Amino acid sequence: MRVLFIGDVVGKPGRQGLAAAMPELRERCAPDLIVINAENSAGGVGVNEKSAKALFDLGAGVLTLGNHAYRHRDVYEYLDREERIVRPVNFPAGNPGRGSTVVEVAGKRVCVLNLSGQVHLNVARNSFLAIDAELEKIDADTVIVDFHAEVTSEKVAMGWHLDGRVAAVFGTHTHVPTADARVLPGGTAVVTDVGMTGSRSGVIGVKREEAIEALRTLMPVRFETADEDLWVNGACVEINERGLADSVEQILMPCPA
């Protein structure tokens, strides 16, 4: 089984770039399942029903989120209703949505689990304890984890913590891909951060002049999504009959013009 994981899609440019790149991605990876992080798909921050449906229309089997899951209030009911979209499992239990979902793929039950880091992010439960508890409840043949976290050390530690228990731990959130894709000794594929799908002409997806102004002046600046030099960042993992990874390939691909 092959799973293609796409990093944070940033706004309409990211969605359009991914749409243009999808035929090549399908040919290159031949995925049985596509998982897309939709955390920034609506206007560059958060998700709404329109942006989620656009990504499902591109072939996503599951969408994952992160710290901006609740930026748009009108998405709350949709998160409760749509079982193919997941937000971090260690958010408060009564919050809209769910932390994991199971889909049938190639005759196997694949669980996609969303988890938030606890360093510099707001969560209700310790990331490591929360995922241990969740894995005890999951009935699936294999598990893919989107670990939406700020610091690389926490992501690397989570990979080792889950080695041999899940097929892959894909880091998201920073929008900057790390050069460390590997399969750990126990059979878990890990990438500290897969990066983003959006414009490399800006600063992590927003127009560079606005980001520079905010950093230079320390004043509030309204950010707009950058739309030039679009790239797809992600990873493709090959999963064996034991539900663990045989290989992982990082995806760093310019979108067709």
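**The sheet and its helices**

Modeller: In strand S7, the bridge partner of Ser100 is Leu113. The model is predicted, so local features need pLDDT of at least 70 and side-chain atom pairs count only at pLDDT 80 or more, while totals for chains, interfaces and linings use all residues. Residues are numbered from 1 along each chain as its sequence is written, and side-chain values use heavy atoms, without hydrogens and water.

S7 (residues 108–116) runs antiparallel to S6, and 6 bridges join them; strands pair if DSSP finds at least two bridges between them. Strands (E, at least two residues) and helices (H or I, at least four) are DSSP runs numbered from the N terminus. Both strands belong to an open sheet of 6 strands, ordered S6-S7-S8-S9-S11-S10, in which the pairing is mixed. At its edges are S6 (100–105) and S10 (182–183), each pairing on one side only.

Two helices accompany these strands. Helix H4 (residues 127–137) lies across S6, S7 and S8 (142–148), and runs at about 160 degrees to S7; such angles run from 0 to 180 degrees between N-to-C directions, with axes fitted to C-alpha atoms, for helices over the stretch in contact. Helix H5 (residues 152–162) also packs on the sheet, where it touches S7, S8, S9 (168–172), S10 and S11 (189–191), contact meaning heavy atoms within 4.5 Å. The direction of H5 makes about 170 degrees with that of S9.

For a further example of pairing, S13 (residues 230–239) and S14 (residues 245–254) are antiparallel over 9 bridges. Here Asn233 has Leu252 in S14 as its bridge partner. The hairpin of S13 and S14 has 5 residues between the strands, and Gly243 takes a positive phi near 80 degrees.
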